[in-house]
Amino acid sequence: MNKPSIYGLTSSQLESWLLERGHKKFRASQVWDYLYRKRVTAFEEMTDVKSECVDLLVEHFSIQTLEVHVKQESADGTVKFLFRLQDGNLIETVLMRHKYGLSVCVTTQVGCNIGCSFCASGLLAKTRDLSSGEIVEQIMNVQHHLDSKGENERVSHIVVMGIGEPFDNFDNMVDFIHIVTDYKGLAIGARKITVSTSGLANKMKEFADTGLQVNLALSLHAPNNELRTRIMKINRAIPIEKLMEAVDYYIEKTNKRITLEYILLRDVNDHVEEAEQLADLFADKGKSVYVNLIPYNPVDEHSQYQRSDQEDVLAFYDTLKKRGINCKIRQEHGTDIDAACGQLRSKQIKKAQGE
Ligand code: SF4
(Lines give C-alpha, C1' and ligand atoms only; values in the text may rest on other atoms or scores of the structure.)
Protein backbone atom coordinates (compact mmCIF):
# COMPACT_ATOMS: atom_id res chain seq x y z
CA MET A 1 0.00 0.00 0.00
CA ASN A 2 1.24 3.50 -0.84
CA LYS A 3 2.16 5.55 2.19
CA PRO A 4 1.09 9.21 2.45
CA SER A 5 3.62 11.95 1.91
CA ILE A 6 5.21 13.34 5.07
CA TYR A 7 4.94 16.77 3.40
CA GLY A 8 1.18 16.63 3.82
CA LEU A 9 1.42 17.36 7.56
CA THR A 10 1.41 20.88 8.95
CA SER A 11 3.96 21.44 11.73
CA SER A 12 1.27 21.15 14.40
CA GLN A 13 -0.10 17.95 12.85
CA LEU A 14 3.41 16.47 12.82
CA GLU A 15 3.89 17.49 16.44
CA SER A 16 0.60 15.91 17.57
CA TRP A 17 1.33 12.78 15.56
CA LEU A 18 4.72 12.30 17.27
CA LEU A 19 3.43 13.27 20.73
CA GLU A 20 0.65 10.67 20.43
CA ARG A 21 3.36 8.08 19.80
CA GLY A 22 5.39 9.00 22.85
CA HIS A 23 7.95 11.30 21.27
CA LYS A 24 8.92 14.69 22.64
CA LYS A 25 7.83 17.99 21.14
CA PHE A 26 11.36 18.94 20.07
CA ARG A 27 11.53 15.82 17.85
CA ALA A 28 8.85 17.34 15.66
CA SER A 29 10.91 20.55 15.31
CA GLN A 30 13.97 18.47 14.46
CA VAL A 31 12.12 16.49 11.79
CA TRP A 32 10.55 19.67 10.40
CA ASP A 33 13.98 21.27 10.18
CA TYR A 34 15.40 18.26 8.33
CA LEU A 35 12.52 18.36 5.86
CA TYR A 36 12.37 22.06 5.08
CA ARG A 37 15.68 23.66 6.11
CA LYS A 38 18.24 20.90 5.59
CA ARG A 39 15.97 19.47 2.90
CA VAL A 40 17.00 15.81 3.13
CA THR A 41 15.56 13.39 0.58
CA ALA A 42 15.56 10.25 2.79
CA PHE A 43 14.41 9.77 6.39
CA GLU A 44 17.70 7.97 7.10
CA GLU A 45 19.54 11.26 6.52
CA MET A 46 17.92 12.64 9.70
CA THR A 47 21.01 11.58 11.61
CA ASP A 48 20.31 13.54 14.83
CA VAL A 49 16.82 12.10 15.17
CA LYS A 50 16.45 9.06 17.46
CA SER A 51 16.39 5.87 15.37
CA GLU A 52 12.99 4.75 16.81
CA CYS A 53 11.50 8.00 15.56
CA VAL A 54 13.08 7.62 12.11
CA ASP A 55 11.79 4.02 11.93
CA LEU A 56 8.31 5.20 12.82
CA LEU A 57 8.37 7.80 10.05
CA VAL A 58 9.68 5.26 7.54
CA GLU A 59 6.89 2.87 8.54
CA HIS A 60 4.07 5.41 8.11
CA PHE A 61 5.17 7.98 5.55
CA SER A 62 6.89 8.41 2.25
CA ILE A 63 9.36 11.25 1.73
CA GLN A 64 9.20 11.03 -2.06
CA THR A 65 5.89 10.27 -3.69
CA LEU A 66 6.71 12.21 -6.86
CA GLU A 67 9.18 11.06 -9.44
CA VAL A 68 10.53 13.30 -12.23
CA HIS A 69 9.24 11.80 -15.49
CA VAL A 70 10.29 14.61 -17.87
CA LYS A 71 12.19 17.84 -17.23
CA GLN A 72 12.30 20.50 -19.97
CA GLU A 73 14.51 23.55 -19.60
CA SER A 74 13.87 26.67 -21.64
CA ALA A 75 16.49 29.14 -22.84
CA ASP A 76 14.91 31.82 -20.60
CA GLY A 77 15.47 29.67 -17.49
CA THR A 78 11.92 28.29 -17.24
CA VAL A 79 11.92 24.64 -16.17
CA LYS A 80 8.89 22.47 -16.74
CA PHE A 81 8.61 19.29 -14.68
CA LEU A 82 6.31 16.41 -15.45
CA PHE A 83 5.99 14.31 -12.30
CA ARG A 84 4.73 10.77 -12.00
CA LEU A 85 2.59 10.19 -8.91
CA GLN A 86 2.56 6.93 -6.95
CA ASP A 87 -0.59 5.82 -8.80
CA GLY A 88 1.06 6.46 -12.18
CA ASN A 89 -0.78 9.71 -12.95
CA LEU A 90 1.22 12.58 -14.41
CA ILE A 91 1.16 16.20 -13.25
CA GLU A 92 2.95 19.36 -14.34
CA THR A 93 4.87 21.95 -12.36
CA VAL A 94 6.71 24.98 -13.77
CA LEU A 95 9.60 27.01 -12.38
CA MET A 96 9.81 30.56 -13.77
CA ARG A 97 12.52 33.16 -13.37
CA HIS A 98 11.35 36.72 -12.82
CA LYS A 99 13.25 39.88 -11.94
CA TYR A 100 11.62 39.71 -8.51
CA GLY A 101 12.48 36.06 -7.81
CA LEU A 102 11.79 32.43 -8.60
CA SER A 103 8.19 31.45 -8.93
CA VAL A 104 6.66 27.98 -9.10
CA CYS A 105 3.30 27.16 -10.67
CA VAL A 106 1.73 24.15 -8.96
CA THR A 107 -0.99 21.70 -9.92
CA THR A 108 -3.80 20.83 -7.51
CA GLN A 109 -5.76 18.10 -9.31
CA VAL A 110 -5.11 15.28 -11.77
CA GLY A 111 -7.02 16.73 -14.75
CA CYS A 112 -9.74 19.32 -14.42
CA ASN A 113 -13.51 19.29 -14.72
CA ILE A 114 -14.05 22.98 -15.35
CA GLY A 115 -13.47 22.52 -19.07
CA CYS A 116 -12.41 26.00 -20.17
CA SER A 117 -12.52 25.83 -23.94
CA PHE A 118 -9.02 27.25 -24.51
CA CYS A 119 -7.17 25.10 -21.99
CA ALA A 120 -4.93 22.10 -22.65
CA SER A 121 -5.39 20.90 -19.04
CA GLY A 122 -9.15 20.82 -19.33
CA LEU A 123 -8.88 18.31 -22.16
CA LEU A 124 -8.27 15.60 -19.59
CA ALA A 125 -11.10 15.22 -17.09
CA LYS A 126 -10.35 15.22 -13.39
CA THR A 127 -9.28 11.83 -12.05
CA ARG A 128 -8.69 12.91 -8.47
CA ASP A 129 -7.61 15.70 -6.14
CA LEU A 130 -3.98 15.93 -5.14
CA SER A 131 -3.23 15.53 -1.45
CA SER A 132 -1.66 18.48 0.35
CA GLY A 133 1.57 16.45 0.47
CA GLU A 134 1.61 16.01 -3.29
CA ILE A 135 1.17 19.75 -3.75
CA VAL A 136 3.94 20.60 -1.25
CA GLU A 137 6.22 17.99 -2.84
CA GLN A 138 6.07 19.87 -6.14
CA ILE A 139 7.67 22.84 -4.39
CA MET A 140 10.16 20.59 -2.60
CA ASN A 141 11.20 18.90 -5.83
CA VAL A 142 11.80 22.24 -7.51
CA GLN A 143 13.73 23.43 -4.44
CA HIS A 144 15.83 20.23 -4.51
CA HIS A 145 16.51 20.91 -8.20
CA LEU A 146 17.74 24.41 -7.25
CA ASP A 147 19.73 23.07 -4.28
CA SER A 148 21.50 20.62 -6.58
CA LYS A 149 22.86 23.55 -8.62
CA GLY A 150 24.59 24.89 -5.51
CA GLU A 151 23.74 28.51 -6.25
CA ASN A 152 21.83 29.13 -3.07
CA GLU A 153 18.59 29.94 -4.90
CA ARG A 154 15.22 29.70 -3.21
CA VAL A 155 11.67 29.42 -4.45
CA SER A 156 10.31 32.83 -3.45
CA HIS A 157 6.85 32.93 -5.07
CA ILE A 158 4.09 30.41 -5.76
CA VAL A 159 1.20 30.58 -8.18
CA VAL A 160 -1.53 27.99 -7.73
CA MET A 161 -2.46 28.12 -11.40
CA GLY A 162 -1.42 24.74 -12.78
CA ILE A 163 -3.76 21.92 -13.69
CA GLY A 164 -7.01 21.84 -11.73
CA GLU A 165 -9.37 24.20 -9.94
CA PRO A 166 -7.76 24.83 -6.53
CA PHE A 167 -11.09 25.74 -4.92
CA ASP A 168 -12.43 22.33 -5.93
CA ASN A 169 -9.70 20.89 -3.64
CA PHE A 170 -10.12 23.57 -1.01
CA ASP A 171 -8.96 21.93 2.23
CA ASN A 172 -5.81 20.40 0.75
CA MET A 173 -4.97 23.69 -0.93
CA VAL A 174 -5.39 25.58 2.36
CA ASP A 175 -3.19 23.02 4.21
CA PHE A 176 -0.61 23.43 1.45
CA ILE A 177 -0.55 27.18 2.08
CA HIS A 178 -0.11 26.68 5.83
CA ILE A 179 2.81 24.29 5.22
CA VAL A 180 4.78 26.37 2.70
CA THR A 181 4.31 29.61 4.64
CA ASP A 182 5.39 28.08 7.98
CA TYR A 183 8.08 30.44 9.25
CA LYS A 184 10.17 27.58 10.64
CA GLY A 185 10.15 25.81 7.28
CA LEU A 186 10.13 27.14 3.74
CA ALA A 187 8.82 30.44 5.10
CA ILE A 188 7.44 31.63 1.75
CA GLY A 189 5.56 34.88 2.39
CA ALA A 190 1.78 34.55 2.06
CA ARG A 191 1.77 37.76 0.02
CA LYS A 192 4.04 36.03 -2.49
CA ILE A 193 1.48 33.32 -3.16
CA THR A 194 -1.38 33.69 -5.64
CA VAL A 195 -4.30 31.28 -5.93
CA SER A 196 -6.23 31.37 -9.18
CA THR A 197 -9.84 30.29 -9.54
CA SER A 198 -12.13 29.87 -12.51
CA GLY A 199 -14.75 31.56 -10.34
CA LEU A 200 -16.26 29.24 -7.72
CA ALA A 201 -18.04 32.18 -6.10
CA ASN A 202 -18.94 30.53 -2.78
CA LYS A 203 -15.40 29.26 -2.34
CA MET A 204 -14.03 32.74 -3.08
CA LYS A 205 -16.04 33.96 -0.10
CA GLU A 206 -14.88 31.03 2.04
CA PHE A 207 -11.31 31.81 1.04
CA ALA A 208 -11.77 35.43 2.12
CA ASP A 209 -13.03 34.14 5.48
CA THR A 210 -9.85 32.09 6.11
CA GLY A 211 -7.93 35.30 6.80
CA LEU A 212 -4.97 34.03 4.75
CA GLN A 213 -2.93 36.90 3.34
CA VAL A 214 -2.53 35.08 0.02
CA ASN A 215 -3.46 36.85 -3.25
CA LEU A 216 -6.48 35.83 -5.26
CA ALA A 217 -6.76 35.80 -9.05
CA LEU A 218 -10.04 35.31 -10.87
CA SER A 219 -10.00 33.89 -14.40
CA LEU A 220 -12.55 36.16 -16.01
CA HIS A 221 -11.61 36.10 -19.73
CA ALA A 222 -14.82 37.84 -20.87
CA PRO A 223 -16.83 40.89 -19.73
CA ASN A 224 -20.34 39.54 -20.47
CA ASN A 225 -22.23 36.30 -19.84
CA GLU A 226 -22.79 35.40 -23.47
CA LEU A 227 -19.11 35.49 -24.31
CA ARG A 228 -17.92 34.04 -21.00
CA THR A 229 -20.26 31.05 -21.29
CA ARG A 230 -18.86 30.43 -24.76
CA ILE A 231 -15.30 30.42 -23.42
CA MET A 232 -15.90 28.92 -19.97
CA LYS A 233 -18.88 26.65 -19.56
CA ILE A 234 -18.81 27.13 -15.77
CA ASN A 235 -20.31 30.57 -16.43
CA ARG A 236 -23.65 28.88 -17.03
CA ALA A 237 -23.76 27.77 -13.39
CA ILE A 238 -21.93 30.78 -11.94
CA PRO A 239 -22.63 33.86 -14.07
CA ILE A 240 -20.82 37.18 -13.89
CA GLU A 241 -23.41 38.67 -11.46
CA LYS A 242 -22.50 35.98 -8.90
CA LEU A 243 -18.81 36.59 -9.50
CA MET A 244 -19.24 40.32 -8.94
CA GLU A 245 -20.95 39.58 -5.62
CA ALA A 246 -18.04 37.34 -4.62
CA VAL A 247 -15.50 39.98 -5.76
CA ASP A 248 -17.25 42.62 -3.63
CA TYR A 249 -17.32 40.27 -0.63
CA TYR A 250 -13.63 39.43 -1.06
CA ILE A 251 -12.54 43.07 -1.32
CA GLU A 252 -14.71 44.13 1.61
CA LYS A 253 -13.60 41.25 3.83
CA THR A 254 -9.86 41.20 3.06
CA ASN A 255 -9.21 44.75 2.00
CA LYS A 256 -6.94 43.19 -0.60
CA ARG A 257 -6.68 43.72 -4.32
CA ILE A 258 -8.02 41.03 -6.63
CA THR A 259 -6.36 40.17 -9.94
CA LEU A 260 -8.50 39.49 -12.99
CA GLU A 261 -6.93 37.12 -15.50
CA TYR A 262 -7.93 37.83 -19.09
CA ILE A 263 -6.61 35.59 -21.89
CA LEU A 264 -6.72 37.48 -25.17
CA LEU A 265 -8.14 35.31 -27.98
CA ARG A 266 -7.97 36.75 -31.48
CA ASP A 267 -11.33 38.07 -32.72
CA VAL A 268 -13.13 36.45 -29.78
CA ASN A 269 -12.66 38.68 -26.74
CA ASP A 270 -9.90 41.07 -27.77
CA HIS A 271 -11.86 44.00 -29.23
CA VAL A 272 -11.89 47.50 -27.81
CA GLU A 273 -15.62 46.96 -27.22
CA GLU A 274 -14.86 44.18 -24.72
CA ALA A 275 -12.19 46.32 -23.07
CA GLU A 276 -14.83 49.03 -22.60
CA GLN A 277 -17.31 46.52 -21.14
CA LEU A 278 -14.64 45.23 -18.77
CA ALA A 279 -13.90 48.78 -17.66
CA ASP A 280 -17.65 49.39 -17.11
CA LEU A 281 -17.90 46.26 -14.98
CA PHE A 282 -15.10 47.29 -12.63
CA ALA A 283 -15.39 51.08 -12.88
CA ASP A 284 -16.33 51.46 -9.21
CA LYS A 285 -13.60 49.17 -7.84
CA GLY A 286 -10.67 51.57 -8.28
CA LYS A 287 -7.34 50.15 -7.16
CA SER A 288 -9.00 47.04 -5.74
CA VAL A 289 -8.77 45.27 -9.09
CA TYR A 290 -5.85 44.63 -11.35
CA VAL A 291 -6.18 43.14 -14.82
CA ASN A 292 -3.58 40.71 -16.11
CA LEU A 293 -3.78 40.52 -19.92
CA ILE A 294 -2.43 37.18 -21.11
CA PRO A 295 -1.41 36.62 -24.72
CA TYR A 296 -2.81 33.19 -25.69
CA ASN A 297 -0.46 30.24 -26.30
CA PRO A 298 -2.18 28.26 -29.08
CA VAL A 299 -2.62 24.51 -28.52
CA ASP A 300 -3.22 22.07 -31.41
CA GLU A 301 -6.45 20.77 -29.88
CA HIS A 302 -8.08 24.20 -29.79
CA SER A 303 -7.40 25.44 -33.30
CA GLN A 304 -10.46 27.72 -33.11
CA TYR A 305 -8.39 30.03 -30.90
CA GLN A 306 -5.45 32.04 -32.10
CA ARG A 307 -3.12 34.53 -30.55
CA SER A 308 -4.30 38.15 -30.75
CA ASP A 309 -2.41 40.55 -32.98
CA GLN A 310 0.00 42.70 -31.02
CA GLU A 311 -1.79 45.92 -32.06
CA ASP A 312 -5.08 44.55 -30.67
CA VAL A 313 -3.37 43.61 -27.41
CA LEU A 314 -2.03 47.14 -27.11
CA ALA A 315 -5.38 48.72 -28.03
CA PHE A 316 -7.10 46.61 -25.34
CA TYR A 317 -4.47 47.63 -22.81
CA ASP A 318 -4.68 51.32 -23.74
CA THR A 319 -8.47 51.30 -23.45
CA LEU A 320 -8.32 49.89 -19.92
CA LYS A 321 -5.59 52.34 -18.93
CA LYS A 322 -7.55 55.30 -20.28
CA ARG A 323 -10.54 54.17 -18.25
CA GLY A 324 -8.39 54.11 -15.10
CA ILE A 325 -8.19 50.32 -14.75
CA ASN A 326 -4.85 49.02 -13.44
CA CYS A 327 -3.49 46.45 -15.87
CA LYS A 328 -0.44 44.87 -17.42
CA ILE A 329 0.40 42.50 -20.25
CA ARG A 330 1.82 39.30 -18.81
CA GLN A 331 5.40 38.50 -19.61
CA GLU A 332 5.82 35.15 -21.31
CA HIS A 333 7.89 32.21 -20.16
CA GLY A 334 9.16 29.06 -21.78
CA THR A 335 7.90 29.80 -25.27
CA ASP A 336 10.45 27.33 -26.69
CA ILE A 337 9.07 24.46 -24.59
CA ASP A 338 5.45 23.31 -24.16
CA ALA A 339 4.46 26.60 -22.65
CA ALA A 340 0.68 26.37 -22.33
CA CYS A 341 -0.55 24.97 -19.05
CA GLY A 342 -1.19 21.22 -19.42
CA GLN A 343 0.45 21.01 -22.84
CA LEU A 344 3.40 18.89 -21.77
CA ARG A 345 1.17 16.52 -19.82
CA SER A 346 -1.37 16.03 -22.58
CA LYS A 347 1.42 15.43 -25.12
CA GLN A 348 3.07 12.81 -22.92
CA ILE A 349 -0.22 11.04 -22.27
CA LYS A 350 -0.98 10.92 -25.99
CA LYS A 351 2.52 9.60 -26.64
CA ALA A 352 1.96 6.83 -24.10
CA GLN A 353 -1.37 6.01 -25.77
CA GLY A 354 0.40 5.86 -29.14
CA GLU A 355 -1.63 8.66 -30.75
S1 SF4 B 1 -8.01 26.95 -17.18
FE2 SF4 B 1 -7.81 26.07 -15.13
S3 SF4 B 1 -9.93 25.79 -14.48
FE4 SF4 B 1 -10.00 26.05 -16.71
S5 SF4 B 1 -9.93 23.95 -17.53
FE6 SF4 B 1 -7.84 24.72 -17.44
S7 SF4 B 1 -7.05 23.98 -15.47
FE8 SF4 B 1 -9.29 23.86 -15.39
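Predicted model: local features only at pLDDT ≥ 70, side-chain atom pairs only at ≥ 80, totals over all residues.

**Exercise 1. A helix and its length**

Solution. Residues are numbered from 1 along each chain as its sequence is written.

Step 1: helices (H or I, at least four residues) and strands (E, at least two) are DSSP runs, numbered from the N terminus.

Just after α11 comes Gly 324, with a positive phi of about 80°.

**Exercise 2. The buried side of α5**

Find which residues of α5 are buried, and what they pack against.

Solution. Step 1: a residue is buried if 20 or more other C-beta atoms lie within 10 Å of its own, exposed if 12 or fewer, and partly exposed in between, with C-beta atoms placed from the backbone. Step 2: in α5 the buried residues are Asn 172, Met 173, Phe 176, Ile 177, Ile 179, Val 180 and Thr 181. Step 3: two residues are in contact if their C-beta atoms, placed from the backbone, lie within 7 Å. The buried residues of α5 pack against β6, α4, β7 and β8.

**Exercise 3. The whole chain**

Describe the chain by its elements, its dimensions and its contacts.

Solution. Step 1: count 12 helices and 12 strands in the chain. Step 2: the radius of gyration, taken over C-alpha atoms, is compared with the globule rule, 2.2 Å times the number of residues to the power 0.38. For 355 residues the rule gives 20 Å, and the chain has 21 Å, close to that value, so it is as compact as a globular protein of that length. Step 3: the C-alpha trace spans about 65 × 50 × 40 Å along its principal axes. Step 4: 41% of the 355 residues are buried. Step 5: among contacts with a separation of 6 or more, 67% join residues 24 or more positions apart.

**Exercise 4. Two domains**

Which residue ranges form the domains, and how many residues of domain 1 are in contact with domain 2?

Solution. Step 1: domain bounds come from an automatic or database domain assignment. Here domain 1 is 6–60 and domain 2 is 67–352. Step 2: their C-alpha centres lie 33 Å apart. Step 3: nine residues of domain 1 are in contact with 16 residues of domain 2. On the domain 1 side, these divide into four nonpolar, four polar and one charged. In this scheme Ala, Val, Leu, Ile, Met, Phe, Trp, Tyr, Cys and Pro count as nonpolar, Asp, Glu, Lys and Arg as charged, and the others, Gly among them, as polar.

**Exercise 5. Annotated positions**

Locate the positions that UniProt annotates, and decide whether Glu 92, Cys 112 and Cys 116 are buried or exposed.

Solution. Step 1: UniProt positions are given in the numbering used here, feature names are shortened, and annotations may be inferred rather than shown by experiment. Step 2: the unreviewed UniProt entry places "active site" at Glu 92 and Cys 341. Glu 92 is in strand β3 (residues 90–98), and counts as buried because it has 26 C-beta neighbours inside 10 Å. Step 3: the unreviewed entry places "binding site" at Cys 112, Cys 116 and Cys 119. Cys 112 lies in the loop between β5 (109–110) and β6 (128–129), and Cys 116 is also in the loop between β5 and β6. Cys 112 is buried, with 25 C-beta neighbours inside 10 Å, and Cys 116 is buried with 20.
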